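Me: I have a structure to learn. Could you show me how to read its features, one at a time?

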Amino acid sequence: HTTHSQSPSLELIRKKRDGETLSDEEVAAFVQAVSNGSIQQSQIGAMLMAIYLKGMVIEETRTLTREMMTSGEVLTWPEEWKGLVVDKHSTGGVGDKISLVLAPALAACGCKVPMISGRGLAHTGGTLDKLESIPGYNIQQSAAQIRDILTSVGCCIVGQTERLVPADRVMYALRDATSTVDNLPLITGSIISKKGAESLSALVLDVKFGRAALYKDLESAKALARMLVDTGNGLGIRTGAVLSCMDTVIGRCVGNSLEVIESLETLKGKGPSDLVELVNTLGGILLEKIGLASDLSEGERKISEAVKGGAALSKFQAMMEAQGVDGETARRLCSSNTDYFTVLRKSKSQLELEAKEDGFVEDIDGMTLAQVLHKLGAGRSQAGQPVNHSVGAELLLSVGDRVQKGEDDDQRRSVCLSTEGAEHSDSNFTIQTLPHPTIRQHTNAHCY
């Protein structure tokens, strides 16, 4: 019988593989090894799989998140901003343009919003891709530049800097390569560590469930929301969550530049009711958590007034200019009755899908629509791939609306697809119709 010295990493992998609970020091040692490169990538993959199969208790998850958060630069803010720095995170959906309206609305209410966002992958759209459809918008800002923009404007929407949460960048890539993406502790660590590195006072999470969401059923989404909230609160961030249904589409537009247009229309007081409801609810929760509103209803009213009164639109215009958009371009986008396509690129061809029979719209499958647009170039299959900002779809009808096969244009058209290549336009996207209207319970905002 012979013995050989084992590396510390190997012992940690063995413990987790056998279902044991790692101590704070052991979790910290693993994250530090990931950050400084002293652990082999195969060993990181083995640990990720062990966590995936054996799970983590809440204390392990909190420690994992805290150590990931402090693995790189942690943003710092002036003392006078204490209690005012807030952000929101969504688990991803179709037509999810909430951030573009919410960030400036919160800034108009007196918050500081250092929103560090991501790009789209697979069927979900990315906030950064949407904003980059605006000529000149620069998502790359240093920590000092973020602080300057928050001082002058109150909000920014930027990409993750190289120095923020480097451990997550390594682990995220390996989770993708080892099929360990869908795991509550690892998802929680990734999301909350990045938000924690923003040194937030409060955070609200929009956790989606349904056909076009990461989690298809409400119970799974609740479990994720619970872990995210517990972990955020455990790190000293006042954290809340909303469970919102992601079966269909948020608003009526899907696709990068079209979603910018719909966001601007919302900031001009002409937004679709479901989008407005989510913005008000998420913003209201944050205002209540930091004491700028006495309760949720007052918070929702303040956010609503910031949007309807034009203060949020002014903040969005100032944010665009602070992040590189030409002043005249920003003014034109924010002026009333503007032709958005004098600034934003329009697709080469449009195709209107018409109703094949009389009836009422029973359902609109957001996942199918997202997959069609992904194939047409609106999304990416691998990180780093370019996207076509002009590809998108506008829903001309909502669930419950009447459609007629007859001559009335408004009641015949159902979807307008904006495409770059007509050869892709024979997609299998259809709108289901029923002979009679149906009323469905719309679970849009369970506060948690």
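Reply: Gladly. Start with one residue. Leu53 lies in helix α3, which spans residues 41-54. Keep in mind that this is a predicted model.

Me: Is Leu53 buried or exposed?

Reply: Look at the relative accessible area. Over 50% counts as exposed. Leu53 has 61%, so Leu53 is exposed.

Me: Now the helices. How do α1 and α3 lie relative to each other?

Reply: Take the distance and the angle between the axes. Helix α1 covers residues 8-17, and its axis comes within 8 Å of that of α3. The two cross at roughly 20°. Angles under 35 degrees count as roughly parallel, so α1 and α3 are roughly parallel to each other.

Me: What is the handedness of the crossing of α1 and α3?

Reply: α1 passes α3 in a left-handed crossing.

Me: And how do α9 and α10 lie relative to each other?

Reply: Helix α10 spans residues 218-234. The axes of α9 and α10 come within 10 Å and cross at roughly 50°. α9 and α10 are therefore oblique to each other. Here α9 passes α10 in a right-handed crossing.

Me: Next, charges. How many salt bridges does the count come to?

Reply: The idea is a side-chain nitrogen of Lys or Arg within 4 Å of a carboxyl oxygen of Asp or Glu. By this rule the count is 21.

Me: What is the distance between the closest N and O atoms of Lys97 and Glu262?

Reply: That distance is 2.8 Å, and the two form a salt bridge. This pair links distant parts of the chain, 165 residues apart. Lys97 sits in the loop between β1 (86-90) and α5 (98-108). Glu262 belongs to helix α11, residues 256-267. Both partners are buried.

Me: Where are Asp168 and Lys194, another linked pair?

Reply: Asp168 forms a salt bridge with Lys194, with the closest N and O atoms 3.3 Å apart. Asp168 is in helix α8 (residues 166-177), and Lys194 is in helix α9 (residues 184-196). The pair is 26 residues apart and links distant parts of the chain. Asp168 has a relative accessible area of 3%, so Asp168 is buried. Lys194 is at 24%, so Lys194 counts as partly exposed.

Me: Which residues do salt bridges with shared partners join into one network?

Reply: Glu11, Arg14, Arg17, Asp18 and Glu20. One link in detail: Asp18 pairs with Arg17, and their closest N and O atoms are 3.0 Å apart. Asp18 has 41% relative accessibility, so Asp18 counts as partly exposed.

Me: Where is Trp81 placed?

Reply: Trp81 is in the loop between α4 (58-69) and β1. Its relative accessibility is 7%, so Trp81 counts as buried. Apply the chain-versus-space reading again. Trp81 and Cys111 are 30 residues apart along the chain, with 8.5 Å between their C-alpha atoms.

Conventions
Residues numbered from 1 in each chain as written. Predicted model: local features only at pLDDT ≥ 70, side-chain atom pairs only at ≥ 80, totals over all residues. Heavy atoms only, no water. Helix = DSSP H or I, 4+ residues; strand = E, 2+ residues; numbered from the N terminus. Buried < 20%, exposed > 50% of the residue type's maximum accessible area, 1.4 Å probe, protein only. Axes fitted to C-alpha atoms, helices over the stretch in contact; angles between N-to-C directions. Parallel < 35°, antiparallel > 145°, perpendicular 65-115°, else oblique. Left-handed = near helix turned anticlockwise from the far one by under 90°.
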